[in-house]
Amino acid sequence: MPRINSPGELEKFRKDLISKKNPDKPCIAICTGTGCLALGAANVVTAFKEEIKKQGLQNKFDVVEIRETGCPGFCERGPLLVIYPLEVCYLQVQPGDAEEIISQTILAKKVIDRLLYVDPVTGEKIVHESEIPFYKHQVRNLIGNNIKIDPKSIEDYLAVGGYSALAKVLFHATPEQVTETVKNSGLRGRGGAGFSTGKKWEFARNSAEKIKYVIVNADEGDPGAFMDRALLEGNPHAVLEGLTIGAYAIGSHEGYIYVRQEYPLAVENVGIAIRQAEEYGFLGKNIFGSGFDFTTKVHQGAGAFVCGEETALLRSLEGKPGEPKPRPPYPAEKGLWDKPTNINNVETWANIPLIINKGAEFFTSIGTAGSKGTKIFSLVGKVNNTGLVEVPMGITLRDIIYEIGGGIPKGKKFKAVQTGGPSGGCIPEEYLDIKVDFDELGKVGAIMGSGGMIVMDEDTCMVDVARYFLNFLFGESCGKCSPCREGIRQMLKILTNITEGRGKDGDIELLEELCAATRDASLCALGGTAPNPVLNTIRFFRNEYEAHIKEKRCPSFSCKELIAYYIDPEKCQACMICLRKCPAEAIIGGKNRIHVIAQEKCTKCGTCFEVCPSRFGAVKRLSGELVPSPIPEEARTIVRENRK
Amino acid sequence: MSEILLQIDGKEVKAKEGMTVLEAARSVEISIPTLCHHEKLEPYGACRICVVEIDGRGRSNLAAACVTPVAEGLVVRTRSEKVDKTRRILLELFLAHAPDSPILKDLAQEYGADKDRFAKEASFCILCGLCVRYCAEVAKKNAIGFIERGASREISFIPQIVSQECRKCKGCFSLCPTEALQAAYHLTEALTFPLSSCEPESEK
């Protein structure tokens, strides 16, 4: 293993690496990120390896190479792979496809049509990854490298220019200059608060203490969000490089990567990356022979959402219960073990090498006046193309949902998009054209947060959404300060009552009062933002709250206590479909006998509604009205004219 | 120690560096209610009943007086519509747990809090943590701690330590604002020493 002792040696090593690679050699890059693994990517990889042996290609130099990569983002269509240098992208690949891909695409250079992306509008088949609409509208500065490298191979990272930024700062910039560059880039913290990263570094740098710490916050906890996981799993060296640059700027020699234990692959890959970087001399004593020392360790969180809050994270790292501490003092003055500490989110750190390599001007050329660069979002929920998307700041929500996300499935109507995790807000249709940046989202009561984006369609009840997020926070508040603990407890009770038909006049006002106290008086940002889902849904969907409270009606037919299913006897053709499919055996009827739902048995799963053939449309959803009494037994027989 | 000048309720107050807003206010006889604060214990900032309004950077924020350090030129209001409203609702949340606590009842009267605003909760404890912190910081025995998190959080004695230490101390008893602590203690004692808990009261 070569230890690299100077920037010159690094460049020479990199050149050797690249020259050894034949750019024409086909490479099958298979995503083995958590999403694709869950969809069976490991079996796909095995199938390819066996197929290569079977076809006797393993010893033939320059025939094909398999690369297991991190997540490129299009999780909806996994397991996916990209074949280089042709850049052919195959989606939903199964182990059984390996033989055909090897013999057709690799050996005969033919594209297999059935594995390509099909444009749902034009029906056109798209061959190249970059031309798929999901990718076409993205600017993938950070996650674009994921499919190009094997995260377990430092050589792959070096081949795409890795560690050149670190070499550059260690030999060509003072710590002050590095801090200044980051400040000038306008980079704001990607963890949620959006504070200027450069200023944060400066505070820690200006502390007179000798011992300082730098920390990667990889305690990503928002439901449905996985940006940091994809970066840490897919490109761990970029995060390490950013961290080491930050350590140099601040004057720290020790760092921690605080990653949640629910991310085993991220823990594994970043662990491997640290060992490799130490062997190459990119971490440890005398990095690149510059005299700068920096070591870092991985620390696994134990599954508390609140530990993503920086003061709680620090306490957890110290081995104490993860509870926030009042600020000031800020971690930049008194952080880990009371030493100055700088904490940044994974995505923030991953941006650093890019800023150093391409300059602050490059970074500021992307984005809006107040928010620069790109941001990764996890686009999930009722949207056709779910996955990770990286977009320039300032793109509209409409472009993300419709151009990249491909719109709402099954022709349903869009209702709202929830941004910013459990403490974020729901943005309705009328604001879809606002530009996505830290400040604009705040104006409509939502937040950027760490980048969760959940799309909701007409079937989503907004009161239930607020209840869902409050229920999450109910279990994840640390419980130390009373406005957060007790406020969330009571808000959840009221919301549950409303969704179960026990809402009272005055509940909305009481919720608003509780929200104000929780927001204003809580110790940390968890409590401070916990009322957001409630306030925001009241602001934009007050009519839904009122329908639940006053009419005991759920306009989205989602709250089970407030809805019923009913079979219209005039329309029922006694086709037996719903009767057979009902999992609760709640449908009474038979051949030529009009079907009736036994309301006391019905679990309101909605299966009958979905399976009733649309030409009959006999199953009705009711809410806020009485279920008509079933027709008498003797009237249920259908006499069919043509069979007389 | 340098001297710091700040304003509390319109009064110029001289404070020393490192003091909290609560200490500065109390030094000039301005009273701020507290539940989780105790002079002998490290500031904790959990009950938030001591919130005050602080002006700065063009807006006013609520901050817990017991953990907010004094700073030059700080403008503090210990009573305002926002402060009173917040304290009132916090009291109502506490009263759902301990409607008969004398301290809470007095404060409820002052702030017009309705003890029946929220449905009653099963536990009397308002998790001020005085017992836990007294045992850790003053008695240095760690016989009682918090378990669980969020809304499931509660205090719990550790029987192994209780059996060695608590009988001769009981220093935490008088600190409890809602008397929930005694209930927890007696429960543990009853479980640990099924016979001794039947001893006459005078021997305890």
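I am working with a predicted model, in which local features need pLDDT of at least 70 and side-chain atom pairs count only at pLDDT 80 or more, while totals for chains, interfaces and linings use all residues. Residues are numbered from 1 along each chain as its sequence is written, and chains are lettered from A and ligands numbered from 1 in the order in which they are written.

**Interface.** I found 26 residues of chain A in contact with 22 residues of chain B, contact meaning that C-beta atoms, placed from the backbone, lie within 7 Å. Helix 18 (462-476), helix 19 (482-499) and helix 20 (507-521) of chain A each give at least two residues to the side that touches chain B, helices being DSSP runs (H or I, at least four residues) numbered from the N terminus. Helix 19 of chain A holds the largest share of that side, nine residues.

**Helix 14 of chain A.** I checked residues 346-358, whose end C-alpha atoms are 19 Å apart, which agrees with the 18 Å that 13 residues should span (1.5 Å times one less than the number of residues). Because 11 of the 13 residues are buried, helix 14 of chain A is largely enclosed by the rest of the structure; buried means 20 or more other C-beta atoms within 10 Å of a residue's own. Among the buried residues are Trp349(A) and Pro353(A), and just after the helix Gly359(A) takes a positive phi of about 90 degrees.

**Contacts of one residue.** I noted that Ile400(A) touches, among others, Phe377(A), Val436(A) and Met453(A), leaving aside residues up to four places away in sequence.

Notes
Contact = placed C-beta atoms within 7 Å. Buried ≥ 20, exposed ≤ 12 C-beta atoms within 10 Å, placed from the backbone.
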